[in-house]
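Subject: Structure for your review

Dear colleague,

Please find the structure below, followed by an account of what was found in it. I would be grateful if you could read the two side by side.

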Amino acid sequence: MAAPKPKLSPSQELMARLMRIVRSCPDAASEVLELMFLVSQIEAATNVDREYRDAKRVISRLRNPLWDMAPPDREKLLTAAETIRRVCRLPEDQIPPVPIADAGERARVEARLAAALAGEFDAAQIARVTGVVAAVLQD
């Protein structure tokens, strides 16, 4: 008899689902990896981000992917979005209908912050600040 699988946390379950999407749709890899980074920050950021801005953005992006996909893959993304919404206890009316902070806006904010904070912050710190700024701009 095989040992039962260990229970995954909601973040681990979501990341496992996203990796299955990457395997079936390699063109989506960079967007999915960015989503995985954001998802990994949700649990860590809940002490700072009491309004779950990052979670709301991830849910909205999962519901409105940047790439074309088959209906079964699309259903997996919608299930992942619903999992995040449920775990964060977010009412449906708080989820933006479309992602507000697009990749271009984030890149522009990050470039300006990198120029302004050069020598004071490393790349990882600038990326983290960019995430916070993008979340504030989203409100």
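Of the 139 residues of the chain, 37% count as buried. The model is a predicted one, and its accessible surface comes to about 8700 Å², of which 58% belongs to carbon and sulfur atoms. The chain contains six helices and zero strands, so its pattern along the sequence reads α-α-α-α-α-α. Among contacts with a separation of 6 or more, 63% are accounted for by residues 24 or more positions apart.

Confidence

The chain has a mean pLDDT of 76, and 76% of its residues reach 70 or more. Among the elements of the chain, helix 4 has the highest mean pLDDT, 87, whereas helix 2 (residues 29-45) has the lowest, 69. Where pLDDT is low, the predicted coordinates should not be read in detail.

The nonpolar core

The largest nonpolar core holds 23 residues, and L18, V32, L62, W67, L77 and I84 touch the most other members. Helix 1 (10-24), helix 2, helix 3 (53-63) and helix 4 are the elements that give two or more residues to this core. Leaving out residues up to four places away in sequence, W67 touches C25, A28, E31, V32, L35 and L77. Two of these partners, V32 and L77, are also listed with W67 among the core residues that touch the most other members.

Helix 3 is largely enclosed by the rest of the structure, because 10 of its 11 residues are buried.

Helix 4

Helix 4 covers residues 71-87. The helix has 17 residues, which at 1.5 Å a residue should span 24 Å; its end C-alpha atoms are 24 Å apart, and therefore the two values agree. The buried residues in helix 4 are D73, L77, A80, A81, T83, I84 and R85.

K76 pairs with D73, with the closest N and O atoms 3.9 Å apart. The two residues are three apart in helix 4, about one turn of the helix. K76 is partly exposed, with a relative accessible area of 33%, whereas D73 counts as buried because its relative accessibility is 11%, under the 20% cut-off.

Salt bridges around E92

A search of the whole structure finds four salt bridges. Side chains of opposite charge can pair when their charged atoms come close. E92 forms a salt bridge with R63, the closest N and O atoms being 2.6 Å apart. This pair links distant parts of the chain: E92 is in the loop between helix 4 and helix 5 (103-116), R63 is in helix 3, and the two are 29 residues apart. E92 also forms a salt bridge with R85, where the closest N and O atoms are 3.6 Å apart. Salt bridges that share partners join R63, E82, R85 and E92 into one network.

E92 is partly exposed, with a relative accessible area of 42%. Apart from its neighbours within four places in sequence, R85 is in contact with I59, R63, L90, P91, E92 and I95. R63 and E92, two of these contacts, belong with R85 to the salt-bridge network.

After helix 4

Helix 4 is followed by R89, whose phi is positive. Most residues other than glycine have a negative phi, and most peptide bonds are trans. The phi of R89 is near 55°, a positive value in a residue other than glycine. R89 lies in the loop between helix 4 and helix 5. With a relative accessible area of 74%, R89 is exposed, because the value is over 50%.

Helix 6

Q125 is located in helix 6 (residues 123-138). Its relative accessible area is 38%, so Q125 is partly exposed. Between the C-alpha atoms of Q125 and A114, which are 11 residues apart along the chain, the separation is 9.7 Å.

With kind regards

How values were computed
Residues numbered from 1 in each chain as written. Predicted model: local features only at pLDDT ≥ 70, side-chain atom pairs only at ≥ 80, totals over all residues. Heavy atoms only, no water. Helix = DSSP H or I, 4+ residues; strand = E, 2+ residues; numbered from the N terminus. Buried < 20%, exposed > 50% of the residue type's maximum accessible area, 1.4 Å probe, protein only. Contact = heavy atoms within 4.5 Å. Expected span 1.5 Å × (residues − 1). pLDDT = per-residue confidence, 0-100. Core = buried A, V, L, I, M, F, W, Y, C linked by side-chain atoms within 4.5 Å. Salt bridge = Lys/Arg side-chain N within 4 Å of Asp/Glu carboxyl O. Areas by Shrake-Rupley, 256 points an atom, 1.4 Å probe, with all protein chains shown as cover.
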